[in-house]
Amino acid sequence: MKNKIICLAVAAALFASLFAFAGCGSEKKTRNTYDISASYADGTLAASMEFTYVNQTGEALSFLEFNLFGNAYREDSAYAPVSAAFEKSAYYAGESYGGMEISSVSPCASWSVCGADENILRVELENGLAAGERVTLQIGWALSLAEVSHRTGIAPRSVNLGNFYPVVCVFEEGSFYECEYYSDGDPFYSECADYTVTFRADKKYTVASSGKILSAREDGQDKVYEMSLENARDFAIVLGEEYSLAQGEACGAQIMYYYYDDAAPEEKLALIEKSISFFSEKFGAYAYPTYSVVQTGFSIGGMEYPALTMIGDHLAGADYRYTIVHETAHQWWYAAVGSNQLENAWMDEGLTEYSAALFYRENPDPELPYESIVDAAYGAYKALYTVYSQIFGEADTTMNRKLGEYLSEYQYVCIAYDKGLILFDTLQKETGEKKFFAALKGYYADRAGKIARPEHLKTAFKKAGANVAGIIDSFVDGKAVI
Ligand SMILES: [Zn+2]
């Protein structure tokens with residue numbers, strides 16, 4: 001996500017690649033599959049899916065768990081999806097609520113909606129699931145959308161369908177990892193899967209999707225789309241009645257820019273293409289057959305999904321351009337290389353911020369000079385450190401905190417984004433260009449399609465001939481002096 005307006009002065013005051021990633025046929029057979037059928041009308045998505053889970057946990061399972069992100073938007077949720085700072089702009093029409101209602105699960109012994117905030121669907125399996133085996137479930141649900149300019153909701157000029165389906169929880173250390181919907185940061189953590197999606201909506205809508213649209217046919221008043229996406233950890237859709245489309249191509253991927261308010265769409269399309277090409281060259285080939293950048297109502301700024309990026313329509317000028325580049329870098333750091341965004345937010349946000357800065361170092365924009373982007377991160381972090389030291393006598397600058405442990409959105413941004421950028425800037429200065437990019441290329445080749453942990457980053461640098469484990473630890477543990 002990009003939730004920081006690029007006002008540099010204010011901020012300062014306060015290869016392996018494609019083959020390794022997509023070309024491995026045997027890997028595909030081991031991924032979970034979501035075969036989703038969904039129909040949108042009048043603020044509600046009626047949907048069902050055939051979900052196949054491949055038990056790669058190494059142990060027998062008696063139940064499965066799914067994250068129900070849509071439930072965070074209900075009236076009595078304990079974890080509000082929108083922070084107080086953005087409440088007014090997000091809920092543009094006043095209070096509004098949604099929710100995710102599970103209607104059926106089969107076959108199973110029983111199912112329930114539980115978790116810390118009705119955020120988990122727990123399915124007791126009929127016969128258990130031995131290690132290495134797979135089980136297929138049919139799950140039906142209805143997602144009602146709040147009027148909110150957020151990941152999942154009806155915005156004034158578009159409809160955002162992020163996180164619209166039950167997402168199986170990552171199994172680690174003997175249990176399923178349950179995601180609470182913290183308003184600071186992106187509270188998502190998932191493994192790659194294969195998707196086929198049949199989506200129906202009124203034909204008045206233009207539909208943008210994470211998936212490649214294989215076909216679109218009219219059926220009375222509706223249009224029915226068939227979409228697919230392989231090896232992706234999320235799947236999102238945006239629809240709207242006013243969209244124009246600019247199309248291009250970069251690194252073999254079809255590039256689409258959906259907009260309704262842009263006097264220079266060709267300029268944005270060129271920027272999208274340039275950023276896909278730049279990051280492909282620096283880190284490894286872009287992973288998907290399409291990439292859609294979609295202007296939409298998203299009050300916080302920008303939001304990344306595999307092969308689809310939401311850009312808030314309230315952004316303008318350099319903020320708009322920077323957000324496009326930042327979200328595009330997330331296609332490498334979050335979409336392809338996954339990480340636990342609830343616990344290690346710096347891993348994707350810090351590296352994404354630094355990647356965006358590097359883009360501007362080699363593709364100068366007078367309003368976004370590289371030096372200013374980097375200086376702004378140092379300035380913001382130092383301001384945070386000073387303020388907290390003065391108020392509390394000490395400043396907690398640890399980076400492996402759960403999202404809920406940050407005291408404010410401001411603190412989260414300064415640690416995950418700004419200190420994250422500083423960490424990668426430090427690694428680059430310490431190791432030199434050659435080893436730095438060799439390490440990140442190796443990191444991408446090794447972890448694309450998988451989950452990366454801090455250890456994997458250290459290993460990637462070590463393989464490139466740079467032992468930076470001590471630097472990474474000192475940053476993460478809050479001991480580095482900056
Ligand atoms: Zn981000």
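**Exercise 1. Into which domains is the chain divided, and how do they touch?**

Solution. The chain is divided into domain 1 (32–190) and domain 2 (348–476), with bounds that come from an automatic or database domain assignment. The centres of the two domains, taken over C-alpha atoms, are separated by 30 Å. To their contact, domain 1 brings 7 residues and domain 2 brings 6 residues; two residues are in contact if their C-beta atoms, placed from the backbone, lie within 7 Å. On the side of domain 1 that touches domain 2, there are 3 nonpolar, 2 polar and 2 charged residues. In this classification, Ala, Val, Leu, Ile, Met, Phe, Trp, Tyr, Cys and Pro count as nonpolar, Asp, Glu, Lys and Arg as charged, and the others, Gly among them, as polar.

The model is predicted: local features need pLDDT of at least 70, side-chain atom pairs count only at pLDDT 80 or more, and totals for chains, interfaces and linings use all residues. Residues are numbered from 1 along each chain as its sequence is written.

**Exercise 2. What is the span of helix H5, which of its residues are buried, and what covers them?**

Solution. Helix H5 (residues 265–283) has 19 residues. From its first C-alpha to its last, H5 reaches 27 Å, close to the 27 Å expected at 1.5 Å a residue; the expected span is 1.5 Å times one less than the number of residues. The buried residues of H5 are Leu269, Leu271, Ile272, Ser275, Ile276, Phe278, Phe279, Ser280 and Phe283. Their cover includes strand E18 (244–250), strand E19 (253–259), strand E20 (290–296), helix H6 (317–329), helix H7 (345–362) and helix H10 (433–447). After H5 comes glycine 284, with a positive phi near 135°.

**Exercise 3. In what order do the 4 strands of the open sheet stand, and which stand at the edges?**

Solution. The order is E5-E6-E3-E10, and the pairing is antiparallel; two strands pair if DSSP finds at least two bridges between them. Strand E5 (110–114) and strand E10 (167–168) stand at the edges with a single partner strand each, so one side of each is left without a neighbour in the sheet. Strand E3 (residues 61–67) and strand E6 (residues 120–129) pair over 6 bridges. Phenylalanine 66 stands opposite leucine 121 in E6.

**Exercise 4. Asparagine 163 and glutamate 173 have a positive phi: is each buried or exposed?**

Solution. Asparagine 163 lies in the loop between strand E9 (159–161) and E10, and its phi is about 50°. This asparagine counts as buried because it has 28 C-beta neighbours inside 10 Å. Glutamate 173, in the loop between strand E11 (171–172) and strand E12 (175–176), also has a positive phi of about 50°. Glutamate 173 is exposed, because 5 other C-beta atoms lie within 10 Å. For background, most residues other than glycine have a negative phi, and most peptide bonds are trans. The bond from serine 106 to proline 107 is cis, with omega near -10°; proline 107 has its place in the loop between strand E4 (99–106) and E5.

**Exercise 5. Which residues does tyrosine 34 touch?**

Solution. Tyrosine 34 is found in strand E1 (residues 32–41). With 22 C-beta neighbours inside 10 Å, tyrosine 34 counts as buried. Not counting residues up to four places away in sequence, tyrosine 34 touches Met49, Phe51, Tyr165, Ala193 and Tyr195.

Terms used: Helix = DSSP H or I, 4+ residues; strand = E, 2+ residues; numbered from the N terminus. Buried ≥ 20, exposed ≤ 12 C-beta atoms within 10 Å, placed from the backbone.
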